[in-house]
Amino acid sequence: MSRTAARNGAQSRQPDGEDGELHSHLQSLDLSSCVTSYHTDPSDICPVCKSARYLNPNMRFLINPECYHKMCESCVDRIFSQGPAPCPVAGCARTLRKQRFRLPKFEDLQIEREVDVRRRVAAMYACCFPSLRALQEKS
Ligand SMILES: [Zn+2]
Ligand SMILES: [Zn+2]
């Protein structure tokens, strides 16, 4: 008993009553899958060099209005500093110029963002809902 108390004490909340039940449900939730899907969101990874923004918070994505493919600043520098070059995104190959790259505006990526948000919400919903449902049925 004292061993259990010590373990829960580390989390600054005693598991008693509904709180305890909720706590154990939260512990049984596989939150890591939510976190993983967030971190591997394709919109946060440069499709060219596969750098993830969460590893490099200063990373910025640029788009070109020719095709709206997104890539990180360093890829734009590397690929287009010698002059016009084909878009490196697979299946695109439009000729792009470095000076036309710019930071994406909300309008340009509105649909993309919406899809993203929906996918995240769906992932959270699928991940968290079964436990919440179980909680409601128990109480
Ligand atoms: Zn890149
Ligand atoms: Zn492209």
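The chain has 5 helices and 4 strands. Both are DSSP runs, numbered from the N terminus: helices are H or I over at least four residues, strands are E over at least two. From the N terminus on, the order is α-α-α-β-β-α-β-β-α.

This is a predicted model, in which local features need pLDDT of at least 70, side-chain atom pairs count only at pLDDT 80 or more, and totals for chains, interfaces and linings use all residues. Residues are numbered from 1 along each chain as its sequence is written, while chains are lettered from A and ligands numbered from 1 in the order in which they are written.

**Confidence.** pLDDT is the predictor's confidence in each residue, from 0 to 100. Its mean over the chain is 74, and 53% of residues reach 70 or more. Over residues 33–39 the pLDDT is below 50. Beyond near neighbours in sequence, that stretch has 7 contacts in the model. A contact means that two C-beta atoms, placed from the backbone, lie within 7 Å.

**Burial and core.** Buried residues make up 9% of the 139 residues. A residue is buried if 20 or more other C-beta atoms lie within 10 Å of its own, exposed if 12 or fewer, and partly exposed in between. The largest nonpolar core has 11 residues, including Ile 45, Cys 46, Val 76, Phe 80 and Phe 101. Such a core is a set of buried Ala, Val, Leu, Ile, Met, Phe, Trp, Tyr and Cys residues joined through C-beta atoms within 7 Å. Strand S1 (61–63), strand S2 (70–72) and helix H4 (73–80) each supply at least two residues of this core. Leaving aside neighbours within four places in sequence, Phe 80 contacts Ala 85, Leu 96, Arg 97 and Lys 98.

Of the chain's contacts between residues at least 6 apart in sequence, 47% join residues at least 24 apart.

Most residues other than glycine have a negative phi.

The C-alpha atoms of Tyr 68 and Phe 101 are separated by 9.3 Å, with the two residues 33 apart along the chain.
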